[in-house]
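Reader: I would like to learn how to read aromatic pairs and nonpolar cores. Please take me through a case.

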Amino acid sequence: MTAVSPAPSAFHLLAKPSGSACNLDCAYCFFLSKEMLYPGSRFRMADDLLEIYIRQLLEAHHTPEVNINWQGGEPTLMGLEFFKASIAYVEKHKKQGQRIGYTIQTNGVLLDDEWCAFFRQHGFLVGLSVDGPKALHDTYRVNKGGRGSFDQVMRGLACLKKHGVEFNILCTVHAANADHPLEIYRFFRDELKANYLQFIPIVERSTAEDVHGNNKSWGQQDSAERKLYVQAGSCVTERSVGAEQFGRFLIAIFDEWVRRDVGMVFVQTFDVALGSWLGQHNLCVVSPTCGNSLALEHNGDLYSCDHFVEPDYFLGNIRETPMAELVASEKQRAFGCAKLVSLPQYCRDCDVLFACYGDCPRNRFIETPDGEPGLNYLCTGYKFFYHHIDEPMKIMANLVRQGRYADEIMGWYAARENSPPAKVGRNAPCPCGSGNKYKHCHGQASSTTTRA
């Protein structure tokens, strides 16, 4: 019998109703290989399992809000009737007072008026995968014929906007686009008019033996070359972003965002970092421990994490064991605690440990300078980034603690760079968050410069 710890009152679960099935063949997609876990499968969640999933998810939550999150593969391959049925099961099984939120991550290719009207009707938040302007996006995000998907995705986005559907952009950062941070950011902000952005680093881990074959996309590999992607090895593919390269990418965008877009454009990495400077941990990858973000396959198999859908991290099947019991199992709690327990001493001694706690365990496969295993592949980039943002993060954290708005940081930058905004009066609180009057703080520097 599965040993069980106290169950969390809430958890995050990504349901994959179509498994790894997808209508694109993105070169860096690690999840396409997961088809090897289920040979001969149709990769469609059965209707009775859909009801079991919805009922167990709602029963397992002891919070007023529950999010139902769909991902893939490509979940829209299930067809709209599947999602209509899911809404009906929610209405059937939700507890009194429960508020339900819906999210779906999609490549956008199949979106049309009917899909988008449905999303708007039920308040879906749609995550749309876009890797930047056309030339950058189409480098790796291609269809089964090898052609770029950008034009189709933009049609889908236009349909979302037409119906007033809330959306965010998920942009992967890889070898082909990582040297174009401002081009990407400004494209999202100015052309797509996106207010919510996620930047996810592509790190395709591989053994030395397999790295040559893994430099080919899943669609390019022949059957003899294909292997299940698992978290093993200390090499990375040619498509992977470099550690320092990723740090530079984040810094370039942060430096523009913090001067002009705070409070108007929300970048997950920056929002989560501010939480860390406030003593909060708002995302699994930067928390001391994890284990509350799981993945459900199309047949009811539950895994420890979306990045660990592999045999060693299989928890059980919700047809046979209740979801709540699997989430609270000793195996899953040990998985989550290992994030902290396995930290190298180099990380424990780091001055920015509070901001990342070693980041995601999936990327901890290199050695520390003194040879201890378990350092995050992206460590040098994250350190570079966190040291760079330390001063403005402290200022924004101070503003928030005073009940003020973080966007006042933009006035601080304008003052420091000798261009004080007219709205900051001499006797007003300084935008830096010090609590002093502007004339006695950063206003002094601008006054001196003006008089000179």
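Author: What follows covers the ring pairs and then the cores of this predicted model.

Reader: How is a pair of aromatic rings described?

Author: The description uses the distance of the centres and the angle of the planes. This structure holds 34 aromatic pairs. For Tyr53 and Trp70, the ring centres are 5.7 Å apart and the planes stand at 75°, so this pair is edge-to-face. Tyr53 belongs to helix 1 (residues 47-60) and Trp70 to strand 2 (residues 65-70), so the pair ties together parts 17 residues apart in sequence.

Reader: Are Tyr53 and Trp70 buried or exposed?

Author: Both Tyr53 and Trp70 are buried.

Reader: At what angle are the planes of Phe150 and Phe187?

Author: The planes are at 40° and the ring centres 6.1 Å apart, so Phe150 and Phe187 form a tilted pair. Phe150 in helix 5 (residues 150-162) and Phe187 in helix 6 (residues 181-191) are 37 residues apart, and their pair links distant parts of the chain. Why is Phe150 counted as buried? Because its relative accessible area is 10%, under the 20% cut-off. Phe187 also counts as buried, at 7% relative accessibility.

Reader: Which residues do ring pairs link into a cluster?

Author: Among them are Tyr53, Trp70, Phe82, Tyr102 and Trp115.

Reader: Which members of the largest nonpolar core touch the most other members?

Author: They are Tyr53, Trp70, Phe188 and Tyr386, in a core of 106 residues. Another core lies apart from that one and has 7 residues, including Leu24, Tyr28, Val109 and Tyr140.

Reader: Which residue lies over the face of Phe31?

Author: Lys16 does, at 4.0 Å from the ring centre.

Definitions and conventions:
Residues numbered from 1 in each chain as written. Predicted model: local features only at pLDDT ≥ 70, side-chain atom pairs only at ≥ 80, totals over all residues. Heavy atoms only, no water. Core = buried A, V, L, I, M, F, W, Y, C linked by side-chain atoms within 4.5 Å. Buried < 20%, exposed > 50% of the residue type's maximum accessible area, 1.4 Å probe, protein only. Phe/Tyr/Trp six-rings, centres within 6.5 Å; stacked < 30°, edge-to-face > 60°. Helix = DSSP H or I, 4+ residues; strand = E, 2+ residues; numbered from the N terminus. Lys NZ or Arg CZ within 6 Å of the ring centre and 35° of its normal.
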